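Subject: Structure for your review

Dear colleague,

Please find below the structure that I am handing over to you. My notes on what was found in it follow directly after it.

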Amino acid sequence: MQELKTSGDKGGKYLTFLLGDEEYGIAILKIKEIIGMMPITYVPQTPEFVKGVINLRGKVIPVIDLRLKFGLESVGHTDRTCIIVVEIQGPAGARLKTDYILGMGKIEKGVKILLDIDKVLNMDELNLLQEAA
């Protein structure tokens, strides 16, 4: 954690971290906790930078990879890789196409995605399947 002086009224305490060769910071007041890597449940049809979701003490938390979001190369996890849990304004996943997800089932060691099977395929995809049959 560093105290940074910035232009305007953005000064304060920030958690800093590295992505590639660049150092970034997040205001410490936005950070809920820092946890080690854990199993991530993949969510289909989400942007590449959305790695999936985790079950953190009964709450389903989306996980994004900032490296991918910022257009950097993906790298494997190391012993220093962690998940920074933050609170952001606005609904999570508001623009993600997830109509086919009925809900998330929390289990002891993770999350299971519950599908609304009637919405997995759109009409065009259903027509293609019928033509192929």
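Of the 10 residues of H2, how many are buried? The number buried is 0, so H2 lies largely in the open. Here, buried means under 20% relative accessible area, exposed means over 50%, and partly exposed is in between, with a 1.4 Å probe and protein chains only. Helices (H or I, at least four residues) and strands (E, at least two) are DSSP runs, numbered from the N terminus.

Before the details, two remarks on the source are needed. This is a predicted model, in which local features need pLDDT of at least 70 and side-chain atom pairs count only at pLDDT 80 or more, while totals for chains, interfaces and linings use all residues. Residues are numbered from 1 along each chain as its sequence is written, and side-chain values use heavy atoms, with hydrogens and water left out.

Helix H2 covers residues 123-132 and contains Leu-126. Leu-126 counts as partly exposed because its relative accessibility is 33%. Together with Leu-121, Met-123 and Leu-129, Leu-126 makes a nonpolar surface patch of about 360 Å². Patches are made of residues with over 30% relative accessible area and no salt bridge; like charges are joined within 9 Å, and nonpolar side chains (Val, Leu, Ile, Met, Phe, Trp, Tyr) within 5 Å. Accessible areas come from the Shrake-Rupley method with a 1.4 Å probe, and for residues only the protein chains shown count as cover. The N-terminal end of H2 is capped by Asn-122, which has a side-chain oxygen 3.1 Å from the backbone nitrogen of Asp-124.

The nonpolar cores

A nonpolar core is a set of buried Ala, Val, Leu, Ile, Met, Phe, Trp, Tyr and Cys residues joined through side-chain atoms within 4.5 Å. The largest one has 7 residues: Ile-35, Ile-54, Leu-56, Ile-61, Val-63, Ile-83 and Val-85. Strands S5 (50-56), S6 (59-64) and S7 (82-86) are the elements that give two or more residues to this core. Another core, of 5 residues, lies apart from it and includes Val-43, Val-53, Ile-101 and Val-111. Leaving aside residues up to four places away in sequence, Ile-35 touches Ile-54, Leu-56, Cys-82, Ile-83 and Val-85, where contact means heavy atoms within 4.5 Å.

A buried asparagine

Asn-55 lies in strand S5 and counts as buried, because its relative accessibility is 14%. The side chain of Asn-55 reaches the backbone nitrogen of Gly-58 at 2.9 Å.

Salt bridges

Side chains of opposite charge can pair when their charged atoms come close. A salt bridge is a side-chain nitrogen of Lys or Arg within 4 Å of a carboxyl oxygen of Asp or Glu. How many salt bridges does a search of the whole structure find? The search finds 2.

One joins Glu-87 to Lys-32, with the closest N and O atoms 3.2 Å apart. Glu-87 lies in the loop between S7 and strand S8 (101-107) and Lys-32 in strand S4, so this pair ties together parts that are 55 residues apart in sequence. In the other, the side chains of Arg-57 and Glu-33 meet at 2.3 Å, N to O. Arg-57 lies in the loop between S5 and S6 and Glu-33 in strand S4, so the pair ties together parts that are 24 residues apart in sequence. Arg-57 counts as exposed at 65% relative accessibility, whereas Glu-33, at 22%, counts as partly exposed.

Yours sincerely

Key. Polar contact = N/O pair within 3.5 Å; in protein donor to acceptor, adjacent residues only side chain to side chain.
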